[in-house]
Amino acid sequence: MPERLLLDLGAPPPVPEEGIAAAEAVLRSGWTHRYGETLGDASEAALLEAEFAAHLGTRYCVAVNSCGSAMFLALLGAGVRPGDRVLMNAFTLAPVPGAVAHAGAEHVLIEVTPDLVIDLADLERKAAASGARHLLLSHMRGHICDMTRLMALCDRLGIAVIEDCAHTMGASWAGRPTGTFGRAGCFSLQAYKHVNGGEGGLIATDDDDIAARAILYSGSYMLYRQHRARPPEAAFARWKDMTPNYSMRMSNLVAAVARPQVALLAERARIWNDRHGRLVALLGALPGIRLPHRPQEEAFVQSSIQFAVAGLEGPAFARFLAACRARGVYLKWFGAREPEGYTSVSGQWRYLAEPHTPPVTEAVLERLCDMRIPLAMTEQDCATVARIVGEELAEARTP
Ligand SMILES: Cc1ncc(COP(=O)(O)O)c(C=O)c1O
């Protein structure tokens with residue numbers, strides 16, 4: 001019998017007892033909706049916003065129902081209008097182009113490097129050619145580009161940056177948290193993210209107008225004063241009669257589940273990065289596997305691992321993946337012809353004006369494997385994964 005990985009690689013981070021108790025208290029009280037005529041500003045959602053803003057060091061935070069909604073509202077708040085062009089790295093997942101489409105804007109796809117970060121030279125070229133004024137930068141799978149250079153470039157070109165931090169909650173570049181570089185940072189509380197609220201999104205910003213507009217768009221009615229981490233009244237006065245209610249609020253139930261997990265971020269990061277480091281060492285020692293280079297300035301939180309596999313053509317790659325999966329090692333592949341599960345590439349987003357995967361990105365993604373790192377993964381599990389990948393790789397390469 002060949003060895004099998006018994007760990008479920010698809011297991012999300014568990015909700016701690018404190019979150020379960022808080023959710024139960026919300027259910028028993030009936031205050032599941034974040035606003036109430038007599039509620040004041042102590043709803044779970046308002047407290048989560050205040051706590052997350054304090055955690056990140058931003059002035060404001062707005063809780064919404066997903067990171068997709070957060071990105072959409074941040075784009076609107078930053079001034080994106082229907083028909084505008086929005087720059088975005090081509091390596092990301094479907095909610096990112098979805099948010100651009102939701103805003104009625106057109107996608108300008110930027111190459112990523114073999115180290116899985118946005119290519120700054122291509123960004124500069126396409127920013128000039130397209131005339132785009134906004135960049136939705138996805139820190140995809142936790143890989144952070146040189147944010148010092150990126151911000152200098154975007155400042156010089158007059159491009160507003162919105163950060164997609166769905167995979168970088170708890171991460172930083174040169175000591176500064178992701179989500180605090182651009183005009184707004186958008187975070188996800190979807191079950192697989194670093195804080196598991198089931199569904200949910202957070203917009204962190206220092207910008208009075210983005211914060212006030214996001215609160216109003218998300219569906220605050222005239223109860224926006226029940227937000228704690230909110231901008232001054234003057235910002236609401238500018239926008240409250242001009243802003244439609246899109247009903248994208250976060251429920252108190254999600255906030256109750258999420259709040260205790262913000263305090264767990266550092267410990268979770270330690271576990272994830274330890275397992276990631278072990279996997280990097282073990283997989284990196286296998287012939288033909290390349291791990292992305294990680295600069296010193298990058299303090300990542302790797303709840304997943306990405307590696308490039310050389311020397312396997314399409315059908316052999318598919319057989320390698322199937323063999324690993326049959327032994328419990330669920331690897332995802334960005335080179336598949338069809339989108340599968342959560343994974344897709346930009347050439348498969350047929351609703352784009354010009355669906356394509358830029359050539360360098362296509363070559364990078366064709367070889368790229370992706371695997372989740374559950375918090376329950378042990379040292380032994382890391383070794384089992386590496387043995388199975390090594391054996392199946394050798395088998396797939398055998399003529
Ligand atoms: C890179 C990336 N950005 C944004 C999102 C959007 O998150 P949500 O599911 O909360 O809308 C996801 C979701 O998986 C994602 O993978």
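This report describes the ligand and the pocket around it in a predicted model.

Local features need pLDDT of at least 70 and side-chain atom pairs count only at pLDDT 80 or more, while totals for chains, interfaces and linings use all residues. Residues are numbered from 1 along each chain as its sequence is written, and side-chain values use heavy atoms, with hydrogens and water left out.

The ligand is surrounded by 17 residues, a residue being near if one of its heavy atoms lies within 4 Å. The closest are Gly-68, Asp-164, His-167, Ser-188 and Lys-193. By class, this shell holds 7 nonpolar, 8 polar and 2 charged residues; Ala, Val, Leu, Ile, Met, Phe, Trp, Tyr, Cys and Pro count as nonpolar, Asp, Glu, Lys and Arg as charged, and the others, Gly among them, as polar. The largest share of the shell, 3 residues, comes from α3.

| Residue | Distance to a ligand oxygen atom |
|---|---|
| His-167 | 2.8 Å |
| Ser-188 | 2.7 Å |
| Lys-193 | 2.7 Å |

On its own the ligand has 390 Å² of accessible area, and the protein covers 90% of this (Shrake-Rupley method, 1.4 Å probe).

The ligand sits in the largest pocket, meaning that more than half of its atoms lie within 2 Å of the grid points. A pocket is an open set of points on a 1 Å grid over the protein atoms alone, where a 1.4 Å probe fits, with protein on both sides within 12 Å along at least five of seven lines; lining residues have an atom within 4 Å of a point. The volume of the largest pocket is about 650 Å³. Its lining has 41 residues, and Leu-93, Arg-141, His-167, Gln-190 and Lys-193 lie nearest its centre.

Definitions and conventions: A polar contact is a pair of N or O atoms within 3.5 Å; within protein, one must be able to donate a hydrogen and the other to accept it, and residues adjacent in sequence count only if both atoms are side-chain atoms. Helices (H or I, at least four residues) and strands (E, at least two) are DSSP runs, numbered from the N terminus. Grid points are joined across faces, edges and corners, and a volume is the space filled by probe spheres set on the points.
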